[in-house]
Amino acid sequence: MISNTQRKRIMLYIAAFMIIMLYNYLNTFIPGSSHDIISFSYMGFVVVWYLSIKERVIDDSMRRCFLIGILSLILLFILRLARWNYFGMYERPNELLRYMNYIPLIFIPLVSLNAALMVGIYNREKTRFLLTVLWIVGIILCTVVVTNTFHNFVLKIEDSNPDNFSYIFGPGYYIIVLFSLTSIIAAFIILMHRCRLSTSRRMAYIPIFILVFGILLIAVYFVCGGAPKLFGSKLYNLQEIYIFLYIAFWESCIQIGLIPTNSDYGKIFEASMLDAYISDRNGSMIYSTKNYTPNEEKDNKRVTEQDIRAGKVVWQDDISSVKEIKASLTEVTKELADENELLELEQEMSSKREELESLRNLYDELYDSVNPEIRSLRKLLTEIRQNRSDELPLIRQAAVLGAFIKRRSNLSILAHNSPEIDMKELEYSLRESMYYLSLAGIKCSVMMDGKGKVSAEMLIRMYEIFHVVSSELISMKCNVMVNVSNSSDLTMKLMIDRLVDDDFIETLKGKFTDGLEMSFDKDEGITYIICR
């Protein structure tokens, strides 16, 4: 839908163009009048149109194409002025200026096709290659035209006298006409093919009408053997038709949406749901959204500014809800510290039910996995609080249990986030447990062969095996060496310088054989436990 602003712009263009054409027609009947002002008026018209395009068209490459087209139109009138007012009486300059007149007539359709190829989504490599070929062809045609004196391939000159200049069209002329018409038609077809807006497609008859009407005017021009006349005065020249074709065609494509522009962005901005405004360089407000509230409390607003061309944009974000959430989180944190009910409070405060459910399952798993150790730890702490005479062994056992609970929980959290855990986590867990075992008189060492990530389930089971074995040995004065390898499969080998009871070995087998391959060996007072 064309807005009122766009309609006014179009009407102004039409009115200005018609006034210049009317003056051009009436100028013939004015004694002593000059045609220079008409040519400069047309040049001014195309410059004004380009300035509006520069503000409306988004893509820089398309703007450059339009600029080349506008310069070509201006060159048409410069050549016309030079031929009729300054150099037309000289034979060679007159002939050369006639040839050069075809250069902008080649460039205008060429840049139109160039602009059409840059609309929408396109393959850059293929488009760049195609444009290179087209420009090479265009430059070759221009070269052929300018050098027509030597070969007469475009125009066959019959009389080069400026007063009686006559010629007939050669094959090159028809090649140029075919190239120009093909480029214009191909540009429109490409625009229609790449347009995805049904509204634009329905209104495609407008540029089609302009294209057909302009070609018809050119045909009339050549049928009449030059500019058609009414009451002895020329109705139009070829240059005016090219202005009409170029500007009317592209303006219609812009208005119906075939060319992306920033037209009516101000209205879109005003109708948006933002709380913002746009100001000029002096800080004066130019646009503001319907939700802009300059008089509200600034404590609940976060103001952000961004410099733009010719001013800046300022928008406000309502952070009152963020402050409320922050206050709620502070209150919840305090309640968590007082009540130690993290899961229940998180379930009440969080809107992400699936994440909360996952966290709750994780904590349940953590509790189940270390529940026996927690009960044992509680029992030990109760005995210690009863002020028994021999507290030190109980404290050491409690430290070992606490280290296991901590490290086992940490491994479960890591396993919840990823099915694989770095081997270093097993090393850290073993070393911490070994430190507290050393306080109980058990000398431990660990050797790690390999690095990288391994199965989280296997790693946790091996750490549990070590804990169960070390808990069985905590009352003994013995040495335990652990060797963990990841050369092919994850393998843990425990070497204990004591003979472990067969009953304990059977218990260990029954508890950990599921998903693990375990082997036991006794040799010269040393017990070997291998799991993989």
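Before you click anything, here's the sorting rule for this tour: Ala, Val, Leu, Ile, Met, Phe, Trp, Tyr, Cys and Pro count as nonpolar, Asp, Glu, Lys and Arg as charged, and the others, Gly among them, as polar. Also keep in mind that the model on your screen is predicted.

**Stop 1: the largest pocket**

Select Asn101, Tyr221, Asn237, Leu238 and Gln239. Of the 49 residues lining the largest pocket, these lie nearest its centre. The space in there comes to about 1,400 Å³.

Now colour the lining by class. You'll get 29 nonpolar, 14 polar and six charged residues.

Which elements give two or more residues to this lining? Among them are helix 2 (36-56), helix 3 (60-86), helix 5 (102-117) and helix 8 (171-194), plus strand 2 (166-169) and strand 4 (233-234). Next, select helix 11 (238-255), also one of these elements. Helix 11 gives the most to the lining, with seven residues.

**Stop 2: helix 8 meets helix 10**

The crossing of the two is right-handed.

Zoom in on where they touch. From helix 8, show Tyr173, Leu181, Ile184, Ile185 and Phe188; from helix 10, show Pro207, Ile208, Leu211, Ile215 and Phe222. How do the residues of this contact divide by class? There are 10 nonpolar, no polar and no charged ones.

Terms used:
Residues are numbered from 1 along each chain as its sequence is written. This is a predicted model: local features need pLDDT of at least 70, side-chain atom pairs count only at pLDDT 80 or more; totals for chains, interfaces and linings use all residues. Side-chain values use heavy atoms; hydrogens and water are left out. On a 1 Å grid over the protein atoms alone, a cavity is a set of points where a 1.4 Å probe fits but cannot get out, and a pocket is an open set with protein on both sides within 12 Å along at least five of seven lines; lining residues have an atom within 4 Å of a point. Grid points are joined across faces, edges and corners, and a volume is the space filled by probe spheres set on the points. Helices (H or I, at least four residues) and strands (E, at least two) are DSSP runs, numbered from the N terminus. A crossing is left-handed if the near helix is turned anticlockwise from the far one by less than a right angle, and right-handed if clockwise. Contact means heavy atoms within 4.5 Å.
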